[in-house]
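Visitor: Hello! Could you walk me through this structure, please?

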Amino acid sequence: TGTYTPNSGQIVGGASAGTEATNAQCRGRTLGLFVNYLVMPELLVNGSYHHNKFGDAVLQTATGVPLFNLDKYSAYSLAAKYTVPGLGTQVSGIWHAGKFSMDDGSDVKLDTIALGVKHPIDNFSVGAQVSQSKFTNFTKGKDTAVMLTGDYNFSKRTKLYVRAGYVKDDRGDLAQTTAAGVPIVGG
């Protein structure tokens, strides 16, 4: 709610989205590419590229303290899913690397790796996933997560999903922000 100013933002799809300033500096751009390749019936691999140009958006706290002037974000990922013949058990993994480029050159880089397993039992399937995201620079903090999954297939088109997860944040080092010089920590 509220009106757009160069120092505030909009929620995508919000009531006032689309009423932002029309100058090129305040408008963002996005580009993405996603490729799947079925190597064999049991093995699917994919890769993706994502790029956002934020138009010098200001990332700020809920109280309005500016933290960063975001310029752009770029990310790459590689993933694979293997289905064990005869069992239907799926084993998957993904690697993701992203970089937030700041106006002042103080880029923030992060890496994520996730491994998962899912096994069908009649109309049900159960699974688990473990992942870790970490800053490779900046605070060097990391988040480690575990998720348990359960699905029930009512039909080929209708599925009920249940997820329960836990995330542990290892805060890392203290880092200065560029917009206001406010120190932050985080995984």
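Here follows a short exchange on the fold, the surface and the salt bridges.

Guide: Welcome! This is a predicted model, in which local features need pLDDT of at least 70, side-chain atom pairs count only at pLDDT 80 or more, and totals for chains, interfaces and linings use all residues. Residues are numbered from 1 along each chain as its sequence is written, and side-chain values use heavy atoms, with hydrogens and water left out.

Visitor: Which pattern does the chain follow along the sequence?

Guide: Helices (H or I, at least four residues) and strands (E, at least two) are DSSP runs, numbered from the N terminus. By that rule the chain has zero helices and ten strands. Read along the sequence, the pattern is β-β-β-β-β-β-β-β-β-β.

Visitor: What percentage of the residues in the chain is buried?

Guide: Buried means under 20% relative accessible area, exposed over 50%, and partly exposed in between (1.4 Å probe, protein chains only). Of the 187 residues in the chain, the buried share is 20%.

Visitor: How many salt bridges does a search of the whole structure find?

Guide: A salt bridge is a side-chain nitrogen of Lys or Arg within 4 Å of a carboxyl oxygen of Asp or Glu. Searching the whole structure with that rule, the number found is five.

Visitor: Which parts does the pair D151 and R163 tie together?

Guide: The side chains of D151 and R163 meet in a salt bridge at 2.7 Å, N to O. D151 counts as buried at 2% relative accessibility, whereas R163 counts as partly exposed at 40%. The two parts are twelve residues apart in sequence, because D151 lies in strand β7 (residues 142-153) and R163 in strand β8 (residues 159-170).

Visitor: Which residue forms a salt bridge with D170?

Guide: D170 is partly exposed, with a relative accessible area of 25%. The closest N and O atoms of the salt bridge are 2.4 Å apart, and the partner of D170 is K168.

Visitor: Which residues do salt bridges with shared partners join into one network?

Guide: D151 and R163 form a salt bridge, as described above. Through shared partners, the residues joined into one network are K118, D151 and R163.

Visitor: Is D107 buried, partly exposed or exposed?

Guide: D107 meets K99 in a salt bridge of side chains (3.8 Å, N to O). K99 has a relative accessible area of 32%. For D107 the value is 24%, so D107 is partly exposed.
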